Amino acid sequence: MSHRVDKRAQARALPLAPSAGRTRRAHGTVPSHAAPHGWRRSPWVVVGTLTVVIAAVAVMLAVGLGGATPQLASQSRAPANVVYAATHPNPAALSAVGVTGATNPFIALPTTTPSLTVDGRPQLVYVSADYCPFCAARRWSLVVALSRFGTFSNLALTSSSSTDIYPNTSSFSFHGAGYTSQYISLATVETETRDRTALETPSADVARVFEQYDVPPYTTQAGAIPFLDIGGRYLSIGGGYSPSLLQGMSAQQIASVIRNPNSPVGRAIMADANVITAAVCSVTGNQPGSVCGVAPMPQIIAALEGR
Amino acid sequence: MSRRFPVGGMTLIALALVGIGVSAYLTVVHYAGVAPVCTVGGVVDCGAVTSSSYSMVPATSIPVSLLGVAWFAVSGGMALMAVIAARHGSAEPASLRIGHVLWAVIGVIVVLYLVYGEIDLRRLCEWCTAVHVLVIASLLVAIGRWQRAPR
């Protein structure tokens, strides 16, 4: 025991590497108590650093997993290639498609309507439900369009109700997903699961917008979904194309044609995405230019704005 | 007179070269818009991580993997300067070792942010983890070199 103590004391007193230090000490020119920064050479510095890093990761695990949004039994993790296909749209294909085939023109709200903004950015409100096939169809084009302005994370796959019209329409679900953008803010609400059990409750602000605008004359049926409000300036209630196009297709199959302008499915999704993109450009002041300034987007925006 | 082999410096160079390779690969697949070769379909899913918002420098369109290339290039460059000095028997600049430690600390702070991103996404990216391990290893080696610095 005493031997160990002596060795430690010696290690603290002696410099570790340079032979010059040892020589001087051997000659007794530098007293051991004068060795500066003895702690610096302690192996505990490395051990302590590693411990701090591991502790930091452990704390983040505790904090990060504490607020986990549990994935539903009716949802599955979206495969990387599906997410890639939807979130990395083909600009050339989007330009080639334009808005040909888009079936749900946006409603321009009066200019006196208060704009929707969050932290200075225009806000998009999307009210939807996992069981709804029109919502499922719209989510594909929303993901394509909004990926041009920001980044989705944690997208899950689901399908619409098996007992509703256009049963089992494959799509993403926004439940548990995240979205970041420097241009816009996105508020999504998935009100019910595909089995029609209650899922998410809208915030007071979203509920106010939904109750104020999801009524005639903006729609024939109050409370219809999908409901999309872009910045308080444009409304789109209902799907942008028929979910019948997606019937019998898996998410993988839809993803395989989503960037293909020669596919009817790809064209329908991209045309709807272009309309959404134009509306978003209109509320962001045509930012970013790399999206809003590329033909035929200026023409689509002009048509949307009635210019 | 035999010169000592600069183990620490060479290790840092090796770590930097591997790090540049992995980071460059992730940068290339980012700009190519394709999924990296990795596990898909579970908690380990690099595609889900590299396509998330955490894969970009906040408020920019710059992939973080490009920062990784730059970080390893600087780290390798500093180590190379030390090795060259050792091979020529000349004194290594006094501030180089502590500078390398500080540079590695910055790298580890960024790594912790990216690890938090993986936790937030509930996905683990094996390519990213390899880079994280390389950065942390670089910090430990840099600290070791700093501890052995002549006074």
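Among contacts in chain A between residues at least 6 apart in sequence, those joining residues at least 24 apart make up 71%. The structure is a predicted model. Chain A contains 11 helices and 11 strands, and 39% of its 307 residues count as buried. The average pLDDT of chain A is 83, with 84% of the residues scoring at least 70. Residues 1-36 of chain A have a pLDDT below 50, and this stretch makes 19 contacts in the model beyond near neighbours in sequence.

One sheet of chain A is open and consists of three strands in the order S1-S6-S7, with antiparallel pairing. Its edge strands are S1 (76-77) and S7 (170-173) of chain A, each of which pairs on one side only. S1(A) runs antiparallel to S6(A) (residues 156-159), and two bridges join these strands. A:Ser76 has A:Leu157 of S6(A) as its bridge partner. Helix H6 of chain A, formed by residues 133-146, lies across S6 and S7 of chain A. The angle between H6(A) and S7(A) is about 60 degrees.

Strand S10 of chain A (residues 227-230) is joined to strand S4 of chain A (residues 121-128) by four bridges, and the two run antiparallel. The bridge partner of A:Val127 in S10(A) is A:Phe227. S10(A) is also joined by four bridges to strand S11 of chain A (residues 234-237), again in an antiparallel arrangement. Here A:Phe227 has A:Ile237 of S11(A) as its bridge partner. S10(A) and S11(A) form a hairpin in which three residues lie between the strands. In the turn, A:Gly231 has a positive phi of about 65 degrees. Both faces of S10(A) are covered. A:Phe227 and A:Asp229 are buried on one side, and A:Leu228 and A:Ile230 are buried on the other.

Two packed helices are described by the angle between their axes and the distance between the axes. Helices H9 (residues 264-283) and H11 of chain A pack at an angle of about 75 degrees, with their axes 9 Å apart. H9(A) and H11(A) are therefore roughly perpendicular to each other. On the H9(A) side, the contact is made by A:Asn274, A:Thr277, A:Ala278, A:Ala279, A:Cys281 and A:Ser282. The H11(A) side contributes A:Met297, A:Ile300, A:Ile301 and A:Leu304.

H11(A) spans residues 297-304 and includes A:Ala302. The C-alpha atoms of A:Ala302 and A:Ala278 are 8.7 Å apart in space, and the two residues are 24 apart in sequence. A:Ala302 counts as partly exposed because it has 13 C-beta neighbours inside 10 Å, whereas a buried residue has 20 or more and an exposed one 12 or fewer.

In chain B, helix H1 is formed by residues 7-32. At 1.5 Å a residue, its 26 residues should span 38 Å, and the end C-alpha atoms are 37 Å apart, which agrees. Buried residues of H1(B) include B:Gly8, B:Gly9, B:Leu12, B:Leu15 and B:Ala16. Further along H1(B), B:Gly19, B:Ser23, B:Leu26, B:Val29 and B:His30 are buried as well.

Key
Residues numbered from 1 in each chain as written. Chains lettered and ligands numbered in written order. Predicted model: local features only at pLDDT ≥ 70, side-chain atom pairs only at ≥ 80, totals over all residues. Expected span 1.5 Å × (residues − 1). Pairing = 2+ DSSP bridges. Contact = placed C-beta atoms within 7 Å. Axes fitted to C-alpha atoms, helices over the stretch in contact; angles between N-to-C directions. pLDDT = per-residue confidence, 0-100. Parallel < 35°, antiparallel > 145°, perpendicular 65-115°, else oblique.
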